[in-house]
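Open the structure in your viewer and keep the selection tool at hand. The stops below say what to select and what is there.

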Amino acid sequence: MDRSNDIYQKVTDRIIAELEKGHVPWIRPWRDGEPPFPINALSGRPYHGINVPLLWDSADTCSFASDRWLTFHQISALGGQVCKGEKSSLAVLWLPRSMEETDTDGHPLLDENGEPRMRHFGVIREFRLFNLSQCNGLPQSLYEPFSRPEQPSEAAEAIALNSGVTLRHRRQSQAYYKPATDLVMMPHPQQFESSEAYYATLLHELTHATGHASRLNRPGIAGTVRSEESYAAEELVAEMGAAFLCAQTGIQGKLQHASYIDYWLDILRQDKRAVIRASGMARNACEWLLNAAQQRCQLSA
């Protein structure tokens, strides 16, 4: 297959190129007054999955001041223009699909209830976006500043408190999650160089905990057989999930990426779908924790 037409390969090559430069594209570049995730400036909806690091990286590489994006059609419909010489940024659209499973003779396969067995999958399509920093003539309302949480540590504490995961502290040098007991074990906060470092680590472990069978049931956590490949994939999910949660809560904590870059590069070079799969799982983990915190707050209000 022509690599230029293989979207999985195109996205993976882009991420690999950044990692080889020592830059981790799923860590949010901090810009004052911008939303926690890249959003469509017209609808206000955040982009998901692999689009988060892709658009963060594009904005960072091009020194854009905004995390807000539009399609060319949306820009034109709003009466705006793309500035001369500006180039679009890559994004991908995930389209869920399903089809009936058949045997070798083409006959439908049935489940235990006598219903046709369905195979669920997805296809991805490439589309292009422009940053607001590349446009002129757009309504001023699209540029209204976003406010960040005033107390990032309180936001992170709320996530931990409402996760349903047991959290314990011990004077030790490692943090870890134990699926068998659904327990996150952390060093004491004062053992970390900063509160941001503590919460970034805590959010990493809580992302692992979302893989428990009672939550999102990820193979790397809930699977009966844990291979080296599933462990590596789960670590990538946890690191991305922590990065997404840090962005949401306003924590500028140091993540664990420095010692993992070579590890991640091996994963991505072996499987062109790994980074897209991991980013989707990380976003689901992030949303699970945020929704749990929001629901508990609503119940206690």
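This is a predicted model: local features need pLDDT of at least 70, side-chain atom pairs count only at pLDDT 80 or more; totals for chains, interfaces and linings use all residues.

Residues are numbered from 1 along each chain as its sequence is written, and side-chain values use heavy atoms, with hydrogens and water left out.

**Helix 7**

Select residues 228-249, which form helix 7. Helices (H or I, at least four residues) and strands (E, at least two) are DSSP runs, numbered from the N terminus. The expected span of a helix is 1.5 Å times one less than its number of residues, so the 22 residues of helix 7 should span 32 Å; the end C-alpha atoms are 31 Å apart, which agrees. Of these 22 residues, 17 are buried (under 20% relative accessible area with a 1.4 Å probe, protein chains only; exposed is over 50%, and partly exposed lies in between).

**The core**

The largest nonpolar core has 57 residues. Such a core is a set of buried Ala, Val, Leu, Ile, Met, Phe, Trp, Tyr and Cys residues joined through side-chain atoms within 4.5 Å. Select Val 11, Leu 19, Trp 26, Leu 206 and Trp 264, which have the most contacts inside the largest core. Helix 7 gives the most to this core, with 10 residues. A second, separate core of 8 residues includes Leu 70 and Phe 130.

**Strand 9**

Next, select residues 183-186, strand 9. Leu 183 and Met 185 point one way, Val 184 and Met 186 point the other way, and all are buried. Strands pair if DSSP finds at least two bridges between them. Strand 7 (residues 166-169) runs parallel to strand 9, joined by 4 bridges, while strand 8 (residues 176-178) pairs with strand 9 in the antiparallel sense over 3 bridges. Leu 183 is the bridge partner of Thr 166 and also of Lys 178. In the hairpin of strand 8 and strand 9, Asp 182 takes a positive phi near 50 degrees.

**Arg 215**

Last, select Arg 215, in the loop between helix 5 (195-209) and helix 6 (219-222). Arg 215 is buried, with a relative accessible area of 15%. A polar atom of its side chain lies 3.0 Å from the backbone oxygen of Ala 209. Beyond four places in sequence, Arg 215 is in contact (heavy atoms within 4.5 Å) with residues including Tyr 177, Asp 182 and Trp 288.

Notes: A polar contact is a pair of N or O atoms within 3.5 Å; within protein, one must be able to donate a hydrogen and the other to accept it, and residues adjacent in sequence count only if both atoms are side-chain atoms.
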